Amino acid sequence: MSALLRLLRTGAPAAACLRLGTSAGTGPRRAMALYHTEERGQPCSQNYRLFFKDVTGHYISPFHDIPLKVNSKEENGIPTKKARNDEYENLFNMIVEIPRWTNAKMEIATEEPLNPIKQYVKDGKLRYVANIFPYKGYIWNYGTLPQTWEDPREKDKNTNCFGDNDPIDVCEIGSKILSCGEVIHVKILGILALIDEGETDWKLIAINVNDPEASKFHDIDDVEKFKPGYLEATLNWFRLYKVPDGKRENQFAFNGEFKNKAFALEVIKSTHQCWKALLMKKCNGGAINCTNLQISDSPFRCTQEEARSLVELVLSSPNKESNEEEQVWHFLGK
């Protein structure tokens, strides 16, 4: 395998483009409490990838290796901040893909080894969401919960529609503009059932546990109480955001009613079970890449050396992979 590898040479990213994916002032490599991110390729291009490393510096998959729940007082020796004792079971890890007020549609690459964050490409072009008056870009910090999956072959009992084949989405409503690739702890407050082109696409409503106002928020009713109009704006945004692309307005289950925390936690539990079946090869994941480093019983688990090799195969032009490179990319993903 080593004969197929060559080191990818990357220069410093253009600051203006970088801010589409991160908040102003962040450098090309940013350390977080438990996770690091590492850029490959040029921001604002189709070959840009944001890889994740754990606290020891080893590559991981954010989709599969970051735990769903914040389930201990310490993670890797670093204390976590609790909101309230009786809500500790409601804390989850969130991976931020898109900072608030930005337009670039960044997402976890579910079909690529190690699932880096990339910018979504449609019809050969990088995708940016339109500004829906009076909003600028995404109106929350937008991201996903790791170790969840909405199975496209399983009909949701609540919506009677199949899943959208992605991890479950999160709208974080706190006061801070976060950065692409941040991993934060959130409290789940509620959920919205978007029906996107006939598929179930759940949208969790959550708040960063370290937000100055987090202690006020315990359930979905608190959002309307302390941030009046935010839920209505969220509903309108999801209804209209594809209209500028020539598509119809999106629809919602439950007539657009936001469900409460208890309901949301059950949906998370269900999507986590679907993810477990995916990682254990108990269901057909299609093109989803399940390469991971920390799920001990998974047939898709790889070594640290293999993970490093996969990252080195991310070349400046992914569309020009050689046959040898393509074989290695598929080696760990199938």
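Strand E12 (residues 141-144) is covered on both faces: Asn141 and Gly143 are buried on one side, and Tyr142 and Thr144 are buried on the other. In a regular strand the side chains alternate between the two faces of the sheet. The model described here is predicted.

E12 has a pairing partner in strand E7 and another in strand E13, as the table shows.

| Partner of E12 | Sense | Bridges | Residues standing opposite |
|---|---|---|---|
| E7 (residues 91-98) | antiparallel | three | Val96 and Gly143 |
| E13 (residues 169-172) | antiparallel | four | Cys171 and Tyr142 |

Which residues touch the most other members of the largest nonpolar core? They are Ile117, Trp140, Ile173, Val223, Trp237 and Phe238, in a core of 50 residues. Several elements each supply at least two residues of this core, including E7, strand E14 (183-196), strand E15 (199-208) and helix H3 (230-240). H3 gives the most, with six residues. Apart from this core lies another, of 22 residues, among them Phe92, Leu145, Cys161 and Ile168. In soluble globular proteins, nonpolar side chains tend to be buried together.

The cysteines remain. A disulfide requires two cysteine sulfur atoms within 2.5 Å, and by this rule the count is zero.

Terms used: Residues numbered from 1 in each chain as written. Predicted model: local features only at pLDDT ≥ 70, side-chain atom pairs only at ≥ 80, totals over all residues. Heavy atoms only, no water. Buried < 20%, exposed > 50% of the residue type's maximum accessible area, 1.4 Å probe, protein only. Pairing = 2+ DSSP bridges. Core = buried A, V, L, I, M, F, W, Y, C linked by side-chain atoms within 4.5 Å.
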